[in-house]
Amino acid sequence: MKLTIDDVRSRFIEHFDGTTGSVYASPGRINLIGEHTDYNDGFVFPGAVQQGMIAELKPNGTRNVRAYSIDLKDYVEFSLDDPKGPKATWSRYIYGVCREMMALGVPVEGFNTAFAGDVPLGAGMSSSAALESTYAYALNDMFGNRAIDLMTLAKVGQATEHKYLGVNCGIMDQFASVHGKAGNLMRLDCRSGEFEYFPFNPKGYKLVLINSCVKHELVGSPYNERRLSCERVAAAINKIHPDVKSLRDADWVMLNEVKDVVSEEDAKRAKYVIGEKERVLTVCDALVRGDYETVGRMMYETHHGLSQDYEVSCEELDFLNDVAKEEGVTGSRIMGGGFGGCTINLVSEELYDHFIQVAKTKFKEKFGKEPVVIDVVIGDGSRKLC
Ligand code: GLA
């Protein structure tokens, strides 16, 4: 489904007083490599996709936000001044963004809003970041004179996850949603916030997502536990090497030094992160040379680490990864936080049709339903549509 302004506008008009407001959009994201590195101060390599969220907003002259979710057919009204906020999960994203923007000094006023999205929910493509970024961008434009820079808007989304949804995520998803640029991936240093655009046009290859349709949900998942494991290992290393502030600064020797004071499980998590840090840099060099074989090999290694050491895979994702390998696909791995969602696959053009057909057939034979294929087109970040 390709969502259009009219899909949202027609419902906004129907649901509120017949007038129109301003319309904003923000995308979901893919990530080529660099998974679970963001909250370890490492590097990530995401890009925005064409699928995203679209929202229409219009000030209503009150202190209340009246919000309608077109997809869920659910309506919530809350006061901007209520310190607790609404209960429905989807509405807490909007509430959280409003409160965080107010905390930054933006004079947010009450508004009516309706929104919809075409990022598949639970696919690990960051529909929640798309929602947060849409409202952060919109409120900055409508009430804040655009005084807040894009990176701070991304941090508003991240703070919303932390404080209002209880997900202690890193910055990657919100960063990618806000900063995306068609045709470009972005390499972000999550410690310094510095980033560069990388034109991504892998001649002879396609990037395709295969959605296992196992719902990936970070709210209430072991995501926060993974983060805590990393922090415990970093703290143990820090006692010996005070310069080590996070796993970004750690290496194999250091990990070995603390292996008797951290749990075996925590050590496995850190092993994955330290390996992933090196893989991102290898991929960057390989991309500059146009060496997609190396990119693909790193993707398989990431999958192995996410599955065996970080333990955020599931049977369906491991199966899709095995099929990709058997069929000679250049690279394949779990994308995003894990616990369900998609694999991201770098496939040569000649193999593409065959691989998709085999993946669908074999997956259906084993799990009784077809996975959903999503071709990746790298799109733009947050913007005003009208
Ligand atoms: C989720 C989080 C991100 C990141 C990824 C894993 O998408 O929101 O911050 O940690 O998982 O790379």
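Angles under 35 degrees between axes count as roughly parallel, over 145 as roughly antiparallel, 65 to 115 as roughly perpendicular and the rest as oblique. The structure is a predicted model, in which local features need pLDDT of at least 70 and side-chain atom pairs count only at pLDDT 80 or more, while totals for chains, interfaces and linings use all residues. Residues are numbered from 1 along each chain as its sequence is written, and side-chain values use heavy atoms, with hydrogens and water left out.

**View A. Helices α8 and α9.** Helix α8 spans residues 264–289 and helix α9 residues 292–308; their axes come within 9 Å and cross at roughly 165°. Therefore α8 and α9 are roughly antiparallel to each other. Helices here are DSSP runs of H or I with at least four residues, numbered from the N terminus. Axes are lines fitted to C-alpha atoms over the stretch in contact, and angles run from 0 to 180 degrees between N-to-C directions. The crossing of α8 and α9 is left-handed (the near helix is turned anticlockwise from the far one by less than a right angle; clockwise would be right-handed). Residues of α8 in the contact (heavy atoms within 4.5 Å) include Tyr 272, Val 283 and Leu 287, which meet residues of α9 including Val 295, Met 298 and Leu 306. By class, this contact of α8 with α9 has 8 nonpolar, 5 polar and 5 charged residues. Ala, Val, Leu, Ile, Met, Phe, Trp, Tyr, Cys and Pro count as nonpolar, Asp, Glu, Lys and Arg as charged, and the others, Gly among them, as polar.

**View B. Helices α6 and α8.** The axes of helix α6 (residues 223–240) and α8 come within 9 Å and cross at roughly 90°, which makes α6 roughly perpendicular to α8. Arg 226, Ser 229, Cys 230, Arg 232 and Val 233 of α6 meet Asp 266, Ala 267, Arg 269, Ala 270 and Val 273 of α8. The contact of α6 with α8 has 5 nonpolar, 1 polar and 4 charged residues.

**View C. Helices α4 and α5.** Helix α4 (residues 150–165) packs against helix α5 (residues 172–179) at an angle of about 140°, with the axes 8 Å apart. That makes α4 oblique to α5. The crossing of α4 and α5 is right-handed.

View D. Glu 35, His 36, Asp 38, Asp 173 and Tyr 223 come nearest among the 13 residues around the ligand (a heavy atom within 4 Å). A side-chain N or O atom of Asp 38 is 2.5 Å from an oxygen atom of the ligand.

Methods: Helices (H or I, at least four residues) and strands (E, at least two) are DSSP runs, numbered from the N terminus. A polar contact is a pair of N or O atoms within 3.5 Å; within protein, one must be able to donate a hydrogen and the other to accept it, and residues adjacent in sequence count only if both atoms are side-chain atoms.
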